Amino acid sequence: MFRKSRWKIVASLMSVLIFLWSGMLTVIYASSYYEMSKHNRKMLAEHAALYSLEHPPEGFASVKPPPDMGAPHYSELPEFKLSTFYSVAISYDGKILETHNDKREIYTDEELQAMALEILDKDGTAGVKNSLAYYMADKGGYVLAAFMDNTIINGNMLTLFRYTLIFGGAAILVFFFLAVYLAKRIVKPLEDSYQKQKQFVSDAGHELKTPISVVSANAELLSREIGDNQWLANIQYENERMGVLVEQLLELARTENVMPKMEAIDLSRLVTGEALPFESVAFEKGLTLKVDVEDGLGVKGYSPQLKQLVSILLDNGIRHGSGGKAVCLALSKEQKYVKLSVVNQGEEIPSKQKEQLFERFYRLDSVRNSEDKHYGLGLAIAKAIVTAHGGKIDLHCYDGFVEFQVLLPSG
């Protein structure tokens, strides 16, 4: 129980950390990319504005004047002067007028022209293609495709991103171990309190056994002396109930605190044998007990506890079964597990009560009544037994049926 709680705390802390870290990285890199794209676009726009054909063809009456880019003028910035620009001038009818390419060893004129025509066909204004930021400008008589090489910038961004992931991953790993440590510190007081509570129940149960035995013996002797007496009968009845409660508390404490010696057990024979006495019990309540046990199913476990588990589930199913109906006990193989299920017809149990059903002293009855010598400890003992055997127990409600299902590792 506490192990699961510790891992839930660790998972919660790590989820919050990873969410914040991922969100922060996303915002930083998205903002950086947006600013870089905006900056590149403005430099390309100014480059396009300053561009003029070296050999304009005949028929060009005028060229649009460069627009006022406003302060600062990007052409005066060092990064503008250090950047590599490529230009392709295209007439309105799609004819290449001029290509400006100072570094032909990186991109050939044909490659630049092909990219410019493709962008022009797609009616794009600005964007990125093959590590090149581009900007399309109407120069009055022709269209200019201006390109700027972003290879170095992209490489630097990729390197920064890679190292961010490496060191961020290392930091998350360190925080994981810190979260495990903190989870242990957080849960430890609760775990200590729970252990003290279990120890108190065990100690109190042992201390109560002696006075209960003494009261029982003295009441028996007194009844022989004075005969039938109403008040003495009440004392004996309540003392007997107290004895049953103490015995159940001690059984729960033993199940939770003592690891039994596990051995190979033929669970099919055990379940079949344990079901036989309950046939008469079911008959007395107007029920039919149906048993469907697959032969040869074995587990590693402790026989007395497994017998008690079957008894608790059958007793629960019969007590809450509807008159004239059947209670079904089944044992079958399910992948790597042996499945034990007890099904009875009854009202659906609300989800909130399902979660509490395996807690100590919890009963579905709205009025706590222990006249039948059931104190809400049976299912808590059943869960402790299943947990000790490395299995799990669940409750399912469907179509007017209530099913307790136990999965134990096949042995």
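Biologist: At about what angle does helix 7 run to strand 10?

Modeller: The model is predicted, so the values are computed from predicted coordinates. Helix 7 covers residues 303–319 and lies across strand 7, strand 9, strand 10, strand 11 and strand 12. Strand 10 spans 337–345, and the angle between helix 7 and strand 10 is about 25 degrees.

Biologist: Which strands does helix 9 touch?

Modeller: Helix 9, residues 378–388, packs on the sheet. Its direction makes about 130 degrees with that of strand 11. The strands touched by helix 9 are strand 11 and strand 12.

Biologist: Which are the edge strands of the sheet?

Modeller: The sheet is open, has 5 strands and shows mixed pairing, in the order 7-9-10-12-11. An edge strand here pairs on one side only. That applies to strand 7 (288–293) and strand 11 (392–398).

Biologist: Which residue in strand 9 is the bridge partner of Lys 290?

Modeller: Strand 7 and strand 9 (residues 326–334) run parallel and are joined by 6 bridges. In strand 9, the partner of Lys 290 is Cys 328.

Biologist: With which residues is Val 271 in contact, leaving aside neighbours within four places in sequence?

Modeller: The largest nonpolar core has 46 residues, and Val 271 is among the members that touch the most others, along with Leu 267, Leu 309, Leu 313 and Leu 340. Beyond its sequence neighbours, Val 271 is in contact with Val 293, Val 310, Leu 329, Leu 331 and Leu 340.

Biologist: Is Asp 315 exposed or partly exposed?

Modeller: Asp 315 forms a salt bridge with Arg 319, with the closest N and O atoms 3.1 Å apart. Both residues lie in helix 7, 4 residues apart, about one turn of the helix. Because exposed means over 50% and buried under 20%, Asp 315, at 24% relative accessibility, counts as partly exposed.

Biologist: Which residues do salt bridges with shared partners join into one network?

Modeller: Glu 118 forms a salt bridge with Lys 122, the closest N and O atoms being 3.3 Å apart. Glu 118 also forms one with Lys 129, again at 3.3 Å; this pair links helix 3 to strand 3, 11 residues apart. The network therefore consists of Glu 118, Lys 122 and Lys 129.

Conventions:
Residues are numbered from 1 along each chain as its sequence is written. This is a predicted model: local features need pLDDT of at least 70, side-chain atom pairs count only at pLDDT 80 or more; totals for chains, interfaces and linings use all residues. Side-chain values use heavy atoms; hydrogens and water are left out. A nonpolar core is a set of buried Ala, Val, Leu, Ile, Met, Phe, Trp, Tyr and Cys residues joined through side-chain atoms within 4.5 Å. Buried means under 20% relative accessible area, exposed over 50%, partly exposed in between (1.4 Å probe, protein chains only). Contact means heavy atoms within 4.5 Å. Two strands pair if DSSP finds at least two bridges between them. Helices (H or I, at least four residues) and strands (E, at least two) are DSSP runs, numbered from the N terminus. Axes are lines fitted to C-alpha atoms, for helices over the stretch in contact, and angles run from 0 to 180 degrees between N-to-C directions. A salt bridge is a side-chain nitrogen of Lys or Arg within 4 Å of a carboxyl oxygen of Asp or Glu.
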